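Morning, everyone. Please bring up the sequence and the model, and I'll walk you through.

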Amino acid sequence: MSEDAQHLTIVNHPLIQHKLTIMRDKDTSTAGFRRLLREISQLLAYEITRDLPLTTRAIETPLCEMDAPVLDGKKLALISILRAGNGLLDGVLELIPAARVGFVGLYRDEETLQPVQYYFKVPEDLSSRIVIAVDPMLATGNSSAAAIDLLKEAGATDIRFLCLLAAPEGVARMKEAHPDVPVVTAALDEKLTENGYIWPGLGDAGDRMFGTK
Ligand code: URA
């Protein structure tokens, strides 16, 4: 793992890197892509929840009493940035089934590359939750930064951002707009193309995951 002053964490675990390479391969099937994304999302979730606060609970093992660690009361909210965020959401939810779930619908205007909002539904008490926003591709960072703006307007104060691939431009945009929001990713790619795709990337994550192209 490497860290840029706590803002960016690249989880370069061999299992993640291996699975990511198969996802990047243009010949990987839609079903394979989805399965791998689900697997990687669980490995990334492990990293993004690393510092969740713990408390202890008194239990009895078959041998003795002990104060054993359990997650502290602060609840989690997972926010999927539609539509590709849903590919990360499922795996993370399997690890944290009690989390509340919200959705932010943003699409990218292909000409301006600016985000346009079409849906927003999140749990009411975001201010008392640890919020994990998920979107596989941190490209220009415009949609991600806009989604975080909306979550902050809805009261969220403790937000993390989970993605699969990031471009340097997107990381810089997020750091500028939301320096308080740590970003966890499986890889930091080389650059953005002029069409706003991550290079070398994996293409359009939503299309690859849902087979829409
Ligand atoms: N969104 C995608 O799905 N892929 C990219 O490369 C950039 C944004």
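Is Cys64 buried, partly exposed or exposed? Cys64 is partly exposed, at 43% relative accessible area. Cys163 is buried, at 0%. Buried means under 20% relative accessible area, exposed over 50%, and partly exposed in between, with a 1.4 Å probe and protein chains only. The structure has zero disulfides, that is, pairs of cysteine sulfur atoms within 2.5 Å.

A word on the source. This is a predicted model, where local features need pLDDT of at least 70, side-chain atom pairs count only at pLDDT 80 or more, and totals for chains, interfaces and linings use all residues. Residues are numbered from 1 along each chain as its sequence is written, and side-chain values use heavy atoms, leaving out hydrogens and water.

Now the ligand. Which residues are around the ligand? Arg108, Met137, Ala139, Gly196, Tyr197, Ile198, Gly203, Asp204 and Ala205, each with a heavy atom within 4 Å.

Next, polar contacts, meaning N or O atom pairs within 3.5 Å. A backbone N or O atom of Ile198 sits 2.8 Å from a ligand oxygen. For Gly203, a backbone N or O atom is 2.8 Å from a ligand nitrogen. A polar backbone atom of Ala205 lies 2.7 Å from a ligand oxygen.

Technical notes: A polar contact is a pair of N or O atoms within 3.5 Å; within protein, one must be able to donate a hydrogen and the other to accept it, and residues adjacent in sequence count only if both atoms are side-chain atoms.
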